Amino acid sequence: MISLIHLLNAPIPMPTFYTDVLSKDVRFASQARIADPSLLEPVTRQLVEQLVSASQKTGIEVMIYETYRSQDRQLALFNNGASKLRTVGVHHYGLACDIVRLVGGEPCWKGDFTFLGQLAQSCGLIWGGDWGAPHIRHSFIDSVHVQRCTVARQGDLFAGIWYPDEAYNPYDDVQHLFDAARKQPAPATTEASQSKTQHA
């Protein structure tokens, strides 16, 4: 039996975009791919739109391929062999987005996505090509993925004890960037989309 003292000392979850919007959306358990920017947390959405616009200004056409992802979709991708990851990551919280090239009106995962890393960092997003720590070699690369959360913060995000506020910038989160640089990102906490058939 849970004691009253334990309940009084338990952290009270603060309202977030995840609790107020995503968890109430009719697509919360959808197995379909969702590319709707409105399911990105507002600051993340603004930064992603900024990145897409900056890319187009450089002459590289890109598209938002996937924003929110449900656990049901992640499990279906895993069961179909399209993903190595059973559990959904940062996409589930409205803080991550996959951005691919647009070639002949179709999504394309081919080519060098270093430009996406440079644009992501300039917009305050972490790129899945280096996870905010470009000076170390990563075993898990997701070159079309961006997120507004350091890898080291993901555990707190998944546990429901942290969610970024409007002022949060992962590049100002020095302690957590340092932790991310010391540790390799765990495959279960990131997204793999190097090819059209790999999803996390």
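L102 stands opposite P107 in β3. That pairing belongs to a predicted model, in which local features need pLDDT of at least 70, side-chain atom pairs count only at pLDDT 80 or more, and totals for chains, interfaces and linings use all residues. Residues are numbered from 1 along each chain as its sequence is written, and side-chain values use heavy atoms, with hydrogens and water left out.

**Confidence**

- pLDDT is the predictor's confidence in each residue, from 0 to 100.
- The protein chain averages a pLDDT of 85, and 80% of the residues score at least 70.
- Residues 1–10 stay under 50 in pLDDT and have 1 contact (heavy atoms within 4.5 Å) beyond four places in sequence.
- Residues 184–200 also stay under 50. For this stretch the model has 63 contacts beyond four places in sequence.

**Overall architecture**

- The protein chain holds 7 helices and 5 strands.
- Helices (H or I, at least four residues) and strands (E, at least two) are DSSP runs, numbered from the N terminus.
- From the N terminus, the order is α-α-α-β-α-β-β-α-β-β-α-α.
- Of the 200 residues, 49% count as buried. Buried means under 20% relative accessible area, exposed over 50%, and partly exposed in between (1.4 Å probe, protein chains only).
- Among contacts between residues at least 6 apart in sequence, 65% join residues at least 24 apart.
- The chain exposes about 10300 Å², with carbon and sulfur atoms supplying 56% of it. Accessible areas come from the Shrake-Rupley method with a 1.4 Å probe; for residues, only the protein chains shown count as cover.

- β2 spans residues 96–103 and is mostly covered, with 6 of its 8 residues buried.
- Two strands pair if DSSP finds at least two bridges between them.
- β1 (residues 62–66) runs antiparallel to β2, joined by 4 bridges. V62 has R101 of β2 as its bridge partner.
- β5 is also antiparallel to β2, over 3 bridges. Here D98 stands opposite H145.
- β3 (residues 106–108) pairs with β2 in the antiparallel sense over 3 bridges.
- The hairpin of β2 and β3 has 2 residues between the strands. Its G104 takes a positive phi near 60°.

**Around C149**

- C149 sits in the loop between β5 (145–147) and α6 (154–159).
- C149 is buried, at a relative accessible area of 0%.
- Beyond its neighbours within four places in sequence, C149 contacts I126, Q154, L157, W162, Y168 and P170.
- G132 lies 17 residues from C149 along the chain, and their C-alpha atoms are separated by 9.5 Å.
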